[in-house]
Amino acid sequence: MRSPSPDVVAAPRIDGGEIVLPSRDGRRERRLPFLVGVIDEAGRIDAVGAATLTATHDGGFTVSGANRAFAVDSRWSPESAAGLRDVELLVTCTEPAGCRGGLVVALRLGPTQTPRWLIPGLFYGENRPAACRVVYPRFAAEPSLDDPFESDRWSFRSDRAATPVVF
């Protein structure tokens, strides 16, 4: 049996309302848990799942979905050499009375042994090399018991950041 050519990339697909974007190496995938969510004034998210995906002639694709109050159409450009895509969203409120809210776009990130951080004023990239003698917080997948500022998990008040942070 022949293995597929490395130039052949698996096509994006829909899985239970999620958009699944396979990586070029075929070993991992990125998932968007919904096409778009609309957050209301009470903080509830009304998610619009992906329903249809259609390839376009230029190597991109379109994705559409709808729920009781919103219809969403999106156009995804072909993947660039850097692995990026432009995405255009058209969100239409189908409620006759209209609505108020904000849009939520989410990408589910997979696990990694080398996370990169950016919490302005607190964590940057690797943050503290293992050999550094200056004591400040450092992420380590397997923290040393000898270093009280090294941990595999951290929590900080959001108002400790130098600028607003959203997770």
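Is Ser151 buried or exposed? In this predicted model, Ser151 counts as buried because its relative accessibility is 16%, and the cut-off for buried is under 20%. Ser151 sits in strand β14, which covers residues 150–151. A polar atom of its side chain lies 2.7 Å from the backbone oxygen of Arg153. Beyond its neighbours within four places in sequence, Ser151 touches Arg138, Phe139, Ala140 and Pro143.

Arg138 also turns up in a salt bridge, this time with Glu150, where the closest N and O atoms are 2.8 Å apart. Glu150 belongs to strand β14 and Arg138 to strand β13 (residues 138–139), so the pair ties together parts that are 12 residues apart in sequence. Glu150 counts as buried at 14% relative accessibility, and Arg138 counts as buried at 11%.

Trp154 is partly exposed, with a relative accessible area of 31%. Together with Val135, Phe149 and Phe156, Trp154 makes a nonpolar surface patch of about 340 Å².

Across the whole structure, a search turns up 12 salt bridges. One of them joins the side chains of Glu18 and Arg31, at 2.6 Å from N to O. Glu18 is in strand β2 (residues 18–22) and Arg31 in strand β3 (residues 29–32), so this pair ties together parts 13 residues apart in sequence. Both Glu18 and Arg31 are buried. Another salt bridge pairs Arg68 with Glu95, with 3.8 Å between the closest N and O atoms. Here Arg68 is exposed, with a relative accessible area of 63%, while Glu95 counts as partly exposed at 32%.

Conventions:
Residues numbered from 1 in each chain as written. Predicted model: local features only at pLDDT ≥ 70, side-chain atom pairs only at ≥ 80, totals over all residues. Heavy atoms only, no water. Helix = DSSP H or I, 4+ residues; strand = E, 2+ residues; numbered from the N terminus. Buried < 20%, exposed > 50% of the residue type's maximum accessible area, 1.4 Å probe, protein only. Polar contact = N/O pair within 3.5 Å; in protein donor to acceptor, adjacent residues only side chain to side chain. Contact = heavy atoms within 4.5 Å. Patch = residues over 30% accessible without salt bridge, like charges linked within 9 Å, V, L, I, M, F, W, Y side chains within 5 Å. Areas by Shrake-Rupley, 256 points an atom, 1.4 Å probe, with all protein chains shown as cover. Salt bridge = Lys/Arg side-chain N within 4 Å of Asp/Glu carboxyl O.
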